[in-house]
Amino acid sequence: MKLRFTPIMALLGYLFLYGPIISLVVYSFNKSKLVTVWGGWSTKWYAELFANQQIMDAAKLSLKIAVVSASVATVLGTMMAMVLVRFKRVRGKGLMGGMVTGPLVMPDVIIGLSLLLLFVAMQSLIGWPAGRGLTTILIAHITFNMAYVAVVVQSRLSDMDDSIEEAALDLGASPARVFFDITLPMITPALVSGWLLAFTLSLDDLVISSFVSGPGATTLPMVIFSKVRLGVSPDINALASLIVLAVSIGIIVSALLMRQKPK
Amino acid sequence: MRLGRRFVIAVPTLWLLLFFMVPFLVVLKISLAEPRIAIPPYSPLWEWVNGSLKFNINLENYSYMWEDSLYLNAYLSSIKIAAIATLLTLLAGYPMAYYIARSPEPRRSILLLLVVLPFWTSFLLRVYAWIGILKTNGILNAVLLWAGIIDEPLVIMQTDVAVYIGIVYTYLPFLILPLYANLVKLDDTLLEASRDLGASRMSSFFRITLPLSMPGIIAGSMLVFIPVLGEYVIPALLGGPDTLMIGKVLWNEYFSNRDWPVASAVAIVMLVIMMIPIMILRRAQARGAEI
Amino acid sequence: MSEHILAAETKPWVKGTDRPFVRIKGITKMFGDLAAVKDVSLDIYRGELFCLLGGSGCGKSTLLRMLAGFETPTGGAIEIDGQDMTGVPANMRPTNMMFQSYALFPHMSVEKNVAYGLRREGVPKGEAMQRTADMLGLVKLDGFARRKPHQLSGGQQQRVALARALVKQPKLLLLDEPLGALDKKLREETQFELIRIQEELGVTFIVVTHDQEEAMTLSTRIGVMDAGRIVQVGEPREIYETPNSRFVADFIGSVNIFDGEVDVAAPDLMRVNTSEGPVMCEPVAGLTARQKLHIAVRPERIRLSRTPLEAANTMQGVVTEVAYMGNLSVYRVQLPNGQCLKVTAANGLHEDNPITWDETVHIGWSAAACRVLVK
């Protein structure tokens, strides 16, 4: 068979995408601390990772923030999407649409700085939020996450035949009833992927958290960042491998669920 | 019931107003203030002096930015790095998007999933992975030395090259997805018609596929270009002290110099600059929706 | 019972003494600057099967959606069974709708779909299930109760949608292109099914359709719509035989139109000059000489022959096309001054030598076959 340009480029592209991830996983099992020296198989970095109280605390805090912010953002983002797609005669809809996509294109440094300055101004004005930490990180994460959820749910809602909801209304269901009986079950896949996206983004955020966090609230990316700035550190490799494992399991489970329930 | 409707409209709207729109006004306000050694470390925009309202509008932060070549250079260098990185991402991403779009169905979904998958693992850790690969005694040099391709280890880490690699790597999915969405809609019969009329494979590509995929190219490129303009993590981890990017400058202005008014002015100018690619993106997306 | 109401001698729209069941009073709907429905007034009586007929974008669906309560009229009012519907939301109206896309709830079984409206009304579960089963029987879907909508064929889905809309015994059923998604053969069968169910339940139907044949078959009366207005209301025969405008004549069935001006308009003689010469019509009151108008002649009213014909209007022409349709043939006849006429003729049992291409033929039609249209 003749060698063709695009398949080769695509293959190289996939190697490029997965090579670094594979290298992280492989070297997490390296006995030697030096990257270039293969010192034999070992799981000692995993033991070291779990023994590192700072990383464990930060991981717990990050998971907490990710779950709470993804959940609140899913509720708020779904509300926003409903308003944008389904509500008729709402004044200022264009502005809302612009605001909701805003956090998607705004650089993190600007979102972080502007939220921080807002929190400082609010504190001196009304005394809330008192200082910076968990609350301010949560608010920041909910804000950008709701934008992502809104976009995901919005596209699902606009793909959906709106006469299905009208039919329920026509059969005597109140608008709230229509939402819970019809709309919600139909957009559940979008809600799940929106939540997962928000969860991942929250778990991943370094820049915004760094701006709006205060003493005592150090998230996992902040710990990782301060460690890797100083160079390669094998326990971070171990952490990365665990994340890759968790994501892989998640993908396999969702693939199996999809197969069980064919559309 | 009316109440429920109002509630659903009001809650997310107020949230976004308070935590997305108002912060920009605060930044604008502080960019017009003077730095002070106080809490907060800037002068108020207006104060009551002897019963009358006095405004302290101070444009010095902006003129300072104009005078100190650091800022101008940082903006220009950010634009340059973002532009080159976008082009490189496009060169790497187009063949992939094209290949995926042309693949038969079960394979197509898997290939697409494989592009998106790395995105679900930590961004920070994916950038970090390159440190181990690119550093002087890293994997890449080890492999190249072992293969005898080079005699001396290459210095890639802490250079702009490392920054480009990091950007292409992390932003590739953002380019491939919109481009794929565009290419997959391309009607096969158009290419067949072109081939039927005697055009070569190459010329069919340049005359048919490429022009028709322009909205996808523009949308994808802007989705890379815009966030890269303000990127902080990649230049901070992979770049060297000479790698000048505005996100890094803003970060240092805030965290190291604690100069909030200048940091705010930097942010405002950055926003103004970003309006142009954002408008281009909006138009490309609107055009893409039409096709 | 409804059969009695619909008996020919008691057509309520002819009698004019009954109280209309649905009154549409000067309804207008604006979308921005665009008027989708312009000042429409219409009375519909109990037990009718009323068709709103028109091309796409004529405002018929918008009018239906205003009856259902999905759109709020910009002006005017709707009254159903004596009750003003202004401000009554869709879920409180005594109407139910069958959607063009059927809009079945994809995550619920057929049974749950049909019972949904009853449950919202507060009907106890047992009774709701009984009524659902009865209704599924009426639309001949017993045995499909546990299926999900995507496991049904298009025709079955259509009947679920109908059952779901009817089970609440609405005073008024609104149907948006109810047969639009079915193939031709199924559509014809379903038309009669729809009439059977409507007569059995005695519910008033308002049907929106763009298909004039469907409207002719189904309806007691048709309202023809164009550009947001009702242009003519009448029984199918009335609309077909005596259209009131060039638009309606052209829209319903096929027609030949002569443009001309009045030559003589006397009480006993009416002659119109056209590009193909004078055309004799039945006298119409209120016309003056030199008035411009159109004459519509249905293709089946024109006779075709090799020999000269005895008729009020006779012409000669050349056959340019013949289309054999089975029960009849359609001919296109070119007249001396360029106009082409469509003529249909029933095919007899043994046509040994049928009229064919390029033959010069005589055509003729009576004065009564001419419909004079001023608009």
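**Exercise 1.** Locate Asn50(B) in the secondary structure of chain B, and decide whether Asn50(B) is buried or exposed.

*Solution.* In this predicted model, local features need pLDDT of at least 70, side-chain atom pairs count only at pLDDT 80 or more, and totals for chains, interfaces and linings use all residues. Residues are numbered from 1 along each chain as its sequence is written, while chains are lettered from A in the order in which they are written. Asn50(B) sits in the loop that joins β1 (46-49) to β2 (52-55) of chain B, strands being DSSP runs of E with at least two residues and helices runs of H or I with at least four. Asn50(B) is exposed because 5 other C-beta atoms lie within 10 Å; the cut-offs are 12 or fewer for exposed, 20 or more for buried, and partly exposed in between, with C-beta atoms placed from the backbone.

**Exercise 2.** Describe the two domains of chain C and the contact between them.

*Solution.* An automatic or database assignment gives domain 1 (2-94 + 170-248) and domain 2 (254-373) in chain C. Their C-alpha centres lie 34 Å apart. Four residues of domain 1 of chain C and five residues of domain 2 of chain C make up the contact, for which C-beta atoms, placed from the backbone, must lie within 7 Å.

**Exercise 3.** Characterise the fold of chain A from its secondary structure and burial.

*Solution.* Chain A contains eleven helices and zero strands, and its C-alpha trace spans about 70 × 70 × 35 Å along the principal axes. Of its 263 residues, 46% count as buried.
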